Amino acid sequence: MNFRKHVLLPVLAATSLALAAPSAMAQNFRMALGDAAGGTQWELGTKFAELLEAKTDGKAKVALFPNSQLGDETDTVNNAAMGLLDFSVLAINNVTPFSPTVGLLTLPYVIQSADDAKTLTQGDIGKELTENTIRDAGVRIVGWAYSGFRVLTNSKRKVETLDDLKGLVIRVPRNEIMIASYQAWGINPTPMAWSETFTALQQRVVDGQDNPYITVHAMKFDEVQKYITNIRYIFSLEPLIISEQVFQNQPAAIQQAILDAGREATDHSFAYLQATEDSIRAELTAKGMEISDPADGEREWIEKATTAVWPKFYASIGGKEKLDAAMKALGR
Ligand code: MLT
């Protein structure tokens with residue numbers, strides 16, 4: 001099936017608005033989503049839009065543009081920083097190049113559960129990372145989508161050991177921590193924009209990639225991938241960001257409504273993940289995907305990635321003490 005046509009048609013009507021003009025003064029906001037409609041980005045975005053409209057008595061409305069229509073996820077950070085785009089929901093790993101301290105959240109195997117993800121994003125550490133992101137990237141995190149662990153998919157063979165991984169061409173985001181993780185596992189991954197990933201998998205330019213079950217499902221990767229390995233190296237967090245310029249241009253009441261709607265949409269996202277991940281996994285199996293676990297409880301994957309990757313990124317996350325503080329917050 002033609003994926004692009006299939007996914008884009010329902011939303012093409014709105015594309016003429018895309019990046020047309022800054023809308024800082026308007027109350028008709030535009031929100032970019034990197035994923036197709038139907039995943040956790042969409043769920044967070046639609047809930048946020050509904051809440052914001054209700055909280056402002058219809059004065060603030062948000063139109064969603066899924067499937068990277070407003071640019072690749074990394075472009076949306078730049079566009080929002082310049083005030084050309086209002087909101088974006090994107091994977092945290094695509095924010096890291098602009099705001100390196102959020103790399104703390106993608107250091108392999110730091111987050112070991114959905115509750116860990118909640119603790120780090122909603123506590124003092126999350127507040128500090130939000131402040132840093134305003135300072136470094138010109139965007140403010142006002143909500144979080146919780147998308148589950150990024151699992152490895154590929155079209156060639158069942159992967160359980162690091163030996164099985166050898167020879168596979170794996171796409172990763174342009175994220176140094178993720179590149180280093182695969183290097184620690186013995187292969188050189190292929191960095192590539194998210195918006196190009198489906199086509200690259202379809203055309204067999206790359207063999208595989210990693211993303212959560214919900215994203216694999218929303219992006220219809222089951223049409224181009226056969227095998228899933230339940231690695232748990234990164235729990236996918238997808239912040240809802242607003243241009244800081246746009247935020248500062250809003251009246252206080254709208255700013256407060258944005259912050260409140262973001263908090264409530266975040267709670268909704270957490271509940272949505274708990275309610276849907278199992279059935280989505282079952283659906284992918286029913287569609288013919290084969291799921292396996294990494295050998296030996298993932299021991300070798302964990303050991304290699306944590307030993308080689310963590311020390312390389314102490315400086316960029318703000319010092320080893322930031323990792324120590326995260327571990328303390330997680331009770332480890
Ligand atoms: C990526 O792999 O670039 C992102 O995690 C994709 C996404 O935002 O779902």
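These legends walk you through close-up views of the domains, pockets and cavities of one predicted model. Residues are numbered from 1 along each chain as its sequence is written, and side-chain values use heavy atoms, with hydrogens and water left out. Because the model is predicted, local features need pLDDT of at least 70 and side-chain atom pairs count only at pLDDT 80 or more, while totals for chains, interfaces and linings use all residues.

**View 1. Domain 1 and domain 2 share an interface.**
The protein chain is assigned domain 1 (27–147 + 237–278) and domain 2 (151–234 + 282–329); such bounds come from an automatic or database domain assignment. The centres of the two domains, taken over C-alpha atoms, are separated by 23 Å. In contact here are 37 residues of domain 1 and 37 residues of domain 2, where contact means heavy atoms within 4.5 Å. About 2,700 Å² is buried between the domains, and carbon and sulfur atoms give 64% of that area. Leu 107, Pro 108 and Tyr 109 supply 27% of the area that domain 1 buries against domain 2, more than any other three residues. Buried area is the accessible area (1.4 Å probe) that two parts lose on being put together, summed over both.

**View 2. A salt bridge joins Lys 322 and Glu 128.**
Look for the side chains of these two residues, which meet at 2.8 Å, N to O. The rule asks for a side-chain nitrogen of Lys or Arg within 4 Å of a carboxyl oxygen of Asp or Glu. Across the interface of domain 1 and domain 2, one salt bridge is found.

**View 3. The largest pocket has a volume of about 470 Å³.**
Its lining holds 20 residues, and Lys 127, Thr 130, Ile 141, Val 142 and Arg 263 lie nearest the centre. Two or more lining residues come from each of α4 (114–122), α5 (124–137), β4 (139–154) and α11 (252–286). Helix α11 gives the largest share, seven residues. Helices (H or I, at least four residues) and strands (E, at least two) are DSSP runs, numbered from the N terminus. On a 1 Å grid over the protein atoms alone, a pocket is an open set of points with protein on both sides within 12 Å along at least five of seven lines, a cavity is a set where a 1.4 Å probe fits but cannot get out, and lining residues have an atom within 4 Å of a point.

**View 4. The second largest pocket lies between the domains.**
Domain 1 and domain 2 both give residues to its lining, so this pocket sits between them. The pocket has a volume of about 230 Å³ and is lined by 16 residues, among them Gly 148, Phe 149, Arg 232, Glu 277 and Arg 281, which lie nearest its centre.

**View 5. The largest cavity has a volume of about 80 Å³.**
Nearest the centre of this cavity, among 13 lining residues, are Glu 73, Ala 91, Arg 150, Trp 194 and Asn 211. Both domains contribute to the lining, so the largest cavity lies between them.

**View 6. The second largest cavity has a volume of about 50 Å³.**
The residues that line this cavity include Asp 72, Asn 94, Arg 171, Met 192 and Trp 194. Once again, domain 1 and domain 2 both supply lining residues, so the second largest cavity lies between them.

Technical notes: Points joined across faces, edges and corners; volume = space filled by probe spheres on them.
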